[in-house]
Amino acid sequence: MFKEKYKHMIDQVHPGDELLCGVLKSAHISSKRKISFFYRPVAAVIAVCICMSLTVPALAAKVEPIYKLIYTVSPGIAQLFAPVQKSDEDNGIKMEVLSAYIHGNVAEIYITMQDLSKDRIDDTTDLFDSYSINRPFDSSASCQFVNYDEKTKTATFLISITEWKNKKIAGDKITFSVKKFLSHKKNYSDVRIPIDLSSVTAAEDTKNVNAMGGGGKDYERYTNKGKATVLKPSEAIYGSPVDDIGVTDIGYIGGMLHIQMGLGDRLKKDNHGSFYLKDVNGNTVNCNCNIYFANKYEEQGRIDYCEYVFDIPREEIKNYTLYGDFNTSDMLTWGNWRVTFPLEQAE
């Protein structure tokens, strides 16, 4: 599989972020699972070492692990990234901007977060949309996790910025900053929810809410100008291995089965999940739509809700069982990390 990705990458003038990250992850995973991964491309590795020492002297003084990975895949691509190596430290954690690749109106930037004293960074570290990029042009940006080095307690991310007006951005300066990140995340998959669906009746209480989003083939049918009729949430959250996630109400509205998921402490733990049904043969049945709403906004005590709507008649619901997937985080770390650097093209 890696060989195919390698060939595909070589064929690209500029690989996409997803492809690059996928290859880098594959290289990282392979190196952990099987050292002999490096035996097959021995000639390539030797060539990489020669190339690194002869053709890119600027990198020779400090060759970062990320460069080794990129060079293992393609020396040609690695040479497009110019070293930046500017860093900031706070709360015992170092953030460093390693390198940047500027091409036209796009900037691709590798950064690392390294814990210098504790174990707050792991292979689930998530910047949690808390990063900001100050730049002198209108643009969109994204951040992707690339890999984690357990030995140095370092997580690497790839930041991609695209200027909206298709203008070249080389020569500008940007400031990248992070205020918090999540880590030690846990995932619970295919959890059977202990609710007897045959006892579900028509909903006793409903309410109209402002829908914050959602999806599914029938979403438009169950929302009207941003409004939706949902179950009235109860205070109890139950049925999941995560304390702050679970069922808050269940019932039929207009012949459709509604199952409501409560998501407490979402802003601190990024709690999220999904509900689905399984029939007597174990086949998964997804909802026709889901609707997000909250009891309050940006205030203490906020609880988010996601209501799942299934097209299962009451006389048939006894043949189904409720299941869920849940995600949470055990650690939120605050700090103030900030680096300003120029967008320069590699020579």
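Select phenylalanine 157. With 2% relative accessibility, it counts as buried (under 20% relative accessible area; exposed is over 50%, partly exposed in between, with a 1.4 Å probe and protein chains only). This is a predicted model, where local features need pLDDT of at least 70, side-chain atom pairs count only at pLDDT 80 or more, and totals for chains, interfaces and linings use all residues. Residues are numbered from 1 along each chain as its sequence is written, and side-chain values use heavy atoms, with hydrogens and water left out.

The whole structure holds 9 aromatic pairs (Phe, Tyr or Trp rings, the six-membered one for Trp, with centres within 6.5 Å; planes under 30 degrees apart are stacked, over 60 edge-to-face, the rest tilted). Phenylalanine 145 and phenylalanine 157 have ring centres 5.7 Å apart and planes at 75°, so this pair is edge-to-face. Phenylalanine 145 is in strand 5 (residues 139-149) and phenylalanine 157 in strand 6 (residues 154-163), so the pair ties together parts 12 residues apart in sequence. Strands (E, at least two residues) and helices (H or I, at least four) are DSSP runs, numbered from the N terminus.

Next, select Phe81, Tyr101 and Tyr110. They form one aromatic cluster.

Move to strand 12, residues 256-264. Of its 9 residues, 9 are buried. Colour the two faces. Met256, His258, Gln260, Gly262 and Gly264 point one way, and Leu257, Ile259, Met261 and Leu263 the other. In a regular strand, side chains alternate between the two faces of the sheet.

Now show the neighbours of strand 12. Strands pair if DSSP finds at least two bridges between them. Strand 11 (residues 245-253) runs antiparallel to strand 12, joined by 8 bridges. Aspartate 249 stands opposite glutamine 260. Strands 11 and 12 form a hairpin with 2 residues between them, and glycine 254 in the turn has a positive phi of about 60°. Strand 16 (residues 303-310) is also antiparallel to strand 12, with 8 bridges. There, aspartate 304 is the bridge partner of leucine 263.

Step on to aspartate 265, in the loop between strand 12 and helix 8 (266-269). Its phi is near 55°, a positive value in a residue other than glycine. Most residues other than glycine have a negative phi. Aspartate 265 is partly exposed, at 32% relative accessibility.

Compare lysine 225, in the loop between helix 7 (219-222) and strand 10 (227-231). Its phi is near 55° and positive. Lysine 225 is exposed, at 82% relative accessible area.

Finish at lysine 278. Its charged end sits over the ring of tyrosine 323, 4.4 Å from the centre (the criterion: NZ of Lys or CZ of Arg within 6 Å of the ring centre and within 35 degrees of the ring normal).
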